[in-house]
Amino acid sequence: MSRVSLEGKVVVVTGAARGVGELLARKLSARGATLALVGLEPDALKDVSARLHGDSDHWYADVTDHEAMARVAEGVRERFGRVDVVVANAGVATGGPLTESDPDAWRRVIEVNLIGSAVTGRAFLPLLAESRGYLLQIASLAAITPAPMMTAYCASKSGVEAYAHALRAEVAHRGVKVGVGYLSWTDTDMVRGADQDDVMRELRQRLPWPANKTYPLGPAVDRLVAGIERRSAHVYGQAWLRGMQGIRGFLPALIGTVGQREMKRFAGRLDGLRIGLVGAGGNADEQHRATVRD
């Protein structure tokens, strides 16, 4: 598939303060793109923007807030005149047994990862229709296969995958292409935050290979950049994820068998295990909601 030059293209990246979003912004900027960064950490976003090669700007917004994201879309139009690519990357995670999980954190994962992606799409699709642009929705290995102790995250990422596939058919006649990006465990603050809990870390390490490894961020983001340049329908941050598509129908039974065995192994350590949103991004989200409540 031929690649489209990113020189002069205006790219919106949500969740751009750190991790996948931050490195993606830097790599896209190095290819000549103009970046509009969106997130909940204004100081970090300002720092990322200042280190980019070309023109850029940043907006503080909660992706679940329809009015705020509509203002961001209008602000990006006023600042740069157009939008060519949107990467819906913002996401949070929590873990632990459903019955022991923090209900507010569990709900927030669904709100940010799934509803926030739809709010982002609703805000920017009119601009993408004008430019016949491209929307990349970041999903996960969690969309392909379930995993115990990750009910909220798996539900949210399965949801955004289905949402993006449905949206692709809706907007194709307007010249807009929609892609889904899949990442396995990648070295980000979110994954490192989840690994701070001994049970979550050990349980993940006992998953079948190659899903039990943590992969470097750089090569995964390089694959996302290549997918954006190709306006791909599917982008795989780790090459082996492509092969998972052909066997995904068998994975729930496999993970169910392996997961049941491992949950028995960890049963004595699960009582009272209550995990909120993980990583620095999760902390930023919780601080934002606390400020809104106050």
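Reader: Hi! Where does Glu286 lie?

Author: Glu286 sits in helix α12, residues 279-293. Helices here are DSSP runs of H or I with at least four residues, strands are runs of E with at least two, and both are numbered from the N terminus. Before we go on: this is a predicted model, where local features need pLDDT of at least 70, side-chain atom pairs count only at pLDDT 80 or more, and totals for chains, interfaces and linings use all residues. Residues are numbered from 1 along each chain as its sequence is written, and side-chain values use heavy atoms, with hydrogens and water left out.

Reader: OK. Is Glu286 buried, exposed or partly exposed?

Author: Glu286 is partly exposed, because its relative accessibility is 28%. Buried means under 20% relative accessible area, exposed over 50%, and partly exposed in between, using a 1.4 Å probe and protein chains only.

Reader: And what does Glu286 touch?

Author: Gly276 and Leu277, if you skip residues up to four places away in sequence. Contact means heavy atoms within 4.5 Å.

Reader: Switching over to Gln137, where is that?

Author: Gln137 belongs to strand β5, residues 134-138. With a relative accessibility of 1%, Gln137 counts as buried. Leaving aside neighbours within four places in sequence, its contacts include Ala88, Ser117, Tyr163 and Gly179.

Reader: What about aromatic pairs, how many are there?

Author: The count is 3 aromatic pairs. Rings of Phe, Tyr and Trp (its six-membered ring) pair if their centres lie within 6.5 Å; planes under 30 degrees apart count as stacked, over 60 as edge-to-face and the rest as tilted. One of the pairs is Tyr182 with Tyr236, with centres 5.3 Å apart and planes at 15°, so this pair is stacked.

Reader: Which strands do Tyr182 and Tyr236 lie in?

Author: Tyr182 is in strand β6 (residues 177-182) and Tyr236 in strand β7 (residues 234-236), so the pair ties together parts that are 54 residues apart in sequence. Tyr182 is buried at 0% relative accessibility, and Tyr236 is buried at 7%.

Reader: Why is the pair of Tyr215 and Trp240 tilted?

Author: Their ring centres are 6.0 Å apart and the planes are at 40°, so that pair counts as tilted. Tyr215 is in the loop between α8 (198-205) and α9 (217-230), while Trp240 is in the loop between β7 and α10 (241-244), 25 residues apart. Tyr215 is buried too, with a relative accessible area of 11%.

Reader: Now helices. At what angle do α3 and α4 pack?

Author: Helix α3 (residues 66-80) and helix α4 (residues 103-131) pack at about 25°, with axes 8 Å apart. Axes are lines fitted to C-alpha atoms, for helices over the stretch in contact, and angles run from 0 to 180 degrees between N-to-C directions. The two helices are therefore roughly parallel to each other. Angles under 35 degrees count as roughly parallel, over 145 as roughly antiparallel, 65 to 115 as roughly perpendicular and the rest as oblique.

Reader: Which residues in α3 meet α4?

Author: Among them are Met69, Val72 and Val76 in α3, and the α4 side includes Ala123, Phe124 and Leu127. The contact divides into 9 nonpolar, 2 polar and 3 charged residues. Here Ala, Val, Leu, Ile, Met, Phe, Trp, Tyr, Cys and Pro count as nonpolar, Asp, Glu, Lys and Arg as charged, and the others, Gly among them, as polar.

Reader: And how do the axes of α1 and α9 cross?

Author: The axes of helix α1 (residues 19-30) and α9 come within 10 Å and cross at roughly 60°. That makes α1 oblique to α9.
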